Amino acid sequence: MKIDLTETTSSKINAAMVQARRDIGTPAVGMVLTLVIVTDEENAYDALKSANDASHEHPSRIIVVIKRVSRSPRSRRDARLDAEIRVGADAGSGETVVLRLHGELVNHADSVVLPLLLPDAPVVVWWPEGAPSDLAGNPLGALGQRRITDTYACEDPIGVLAGRAAAYAPGDTDLSWTRITPWRSMLAAAMDQQAFRVTAAVVEGEDENPSCELLAMWLADRLKVPVRRTLSAGPGLTSVHLETKDGEIVLDRADGSLATLRMPGQPDRSVALKRRDTAELLAEELRRLDPDNTYASALKFGVAKLESARAAAQAAPAGAEPAAAEAEAVAEAVADAEADTPSDAAGPAPAAKGGKSAGKAAAPAKKASAKQ
């Protein structure tokens with residue numbers, strides 16, 4: 001069922017939702033959270049489709065906030081709210097409200113959304129693209145316990161990562177981080193099998209891919225070893241090499257679907273490591289509503305510290321061991337990161353062991369098909 005309301009108010013939208021549930025014979029509210037999507041007309045369809053698919057695992061009230069651009073001084077002065085309500089088969093496993101804000105109302109979106117939130121239920125705010133620099137300081141972001149962005153959708157994803165680190169607040173997360181959960185889990189499981197001592201690492205993937213940078217920062221932060229970032233043609237993240245005194249541990253995924261895990265003294269094995277779509281990534285993020293301290297620690301290590309470590313190694317005096325110079329530079333970068341990171345976010349720093357202790361333990365735009 002779809003209901004269109006023009007020049008309406010939040011109270012009228014609430015009343016219309018209650019009546020719509022009665023009309024389709026489901027007056028009870030069985031939703032577990034409110035998902036607020038802040039987007040534009042161009043990306044609203046894809047974002048809503050992903051949210052509806054994720055709602056089959058997490059029944060939600062989905063509120064889509066679309067800020068309409070005013071083209072004249074008069075239209076900028078006129079505040080108007082239009083809404084589209086979807087319940088039943090048209091709204092996944094919950095209910096959907098699409099809000100279109102016009103004029104001055106664009107600057108007060110939080111006052112429109114607040115009366116529509118489910119009472120006594122968590123709130124998650126998701127920006128599929130165009131997220132603000134300070135998520136927690138944004139009026140809509142302040143409504144949520146969790147704030148989800150996607151750095152891959154930015155024009156300068158590496159630069160945005162630095163800004164995310166500077167403005168991080170507990171509850172922030174990124175789908176670029178979610179994409180590497182299977183990689184982190186697989187690497188942690190490999191390290192659990194034998195007591196390997198990792199001395200260096202290499203992360204290979206596409207240029208300007210924030211997931212590759214986040215994985216490199218996670219390894220540098222957790223293992224306290226030099227990590228090199230190399231480029232490949234993709235798709236996405238293609239391989240990770242962990243150097244040990246017994247040989248290399250290699251996780252290589254050349255085709256974006258099936259990966260090969262090679263470990264010293266063991267036969268090669270094939271593991272499923274497919275690239276997931278946005279709905280799967282979103283569903284994973286909605287399983288966890290507490291702050292992700294491992295993400296915070298990796299993010300605050302900083303891309304700049306990885307770059308400075310490489311530069312220090314290249315500028316080492318003649319005759320110095322490059323690996324030793326880079327390791328020393330990384331150690332200094334790690335110390336700086338720990339000094340900037342709250343104690344609860346830094347976490348223990350042994351070798352990457354145990355899927356839960358090594359990362360966000362279970363867990364994965366340009367467009368979703370090209371992201372991971």
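The buried residues of helix α10 are Thr294, Tyr295, Ala296, Ser297, Ala298, Leu299, Lys300 and Phe301, where buried means under 20% relative accessible area, exposed means over 50% and partly exposed lies in between, with a 1.4 Å probe and protein chains only. Because eight of the nine residues of α10 are buried, this helix is largely enclosed by the rest of the structure. The model is predicted, so local features need pLDDT of at least 70 and side-chain atom pairs count only at pLDDT 80 or more, while totals for chains, interfaces and linings use all residues. Residues are numbered from 1 along each chain as its sequence is written, and side-chain values use heavy atoms, with hydrogens and water left out.

**Helix α10 and its partner α8**

- Helices (H or I, at least four residues) and strands (E, at least two) are DSSP runs, numbered from the N terminus.
- Helix α8, residues 210-223, packs against helix α10, residues 293-301, at an angle of about 95°, and their axes are 8 Å apart; axes are lines fitted to C-alpha atoms, for helices over the stretch in contact, and angles run from 0 to 180 degrees between N-to-C directions.
- The two helices α8 and α10 are therefore roughly perpendicular to each other, since angles of 65 to 115 degrees carry that name, whereas those under 35 count as roughly parallel, those over 145 as roughly antiparallel and the rest as oblique.
- From α8, Leu214, Met217, Trp218, Ala220 and Asp221 meet Thr294, Tyr295, Ser297, Ala298, Leu299 and Phe301 of α10, a contact being heavy atoms within 4.5 Å.

- Valine 203 lies in strand β9, residues 198-205, and is buried, with a relative accessible area of 0%.
- Leaving aside neighbours within four places in sequence, valine 203 is in contact with residues including Leu215, Leu219 and Val227, and its C-alpha atom is separated by 8.9 Å from that of leucine 242, 39 residues apart along the chain.

**Residues in loops**

- Arginine 276, in the loop between β14 (269-272) and α9 (278-286), counts as buried at 14% relative accessibility.
- The side chain of arginine 276 makes a polar contact with the side chain of glutamate 284 at 2.6 Å and reaches the backbone oxygen of threonine 178 at 2.8 Å; a polar contact is a pair of N or O atoms within 3.5 Å, where, within protein, one must be able to donate a hydrogen and the other to accept it, and residues adjacent in sequence count only if both atoms are side-chain atoms.
- Glutamate 7, in the loop between β1 (2-5) and α1 (10-23), has a positive phi of about 45° although it is not a glycine, and at 60% relative accessibility glutamate 7 counts as exposed.
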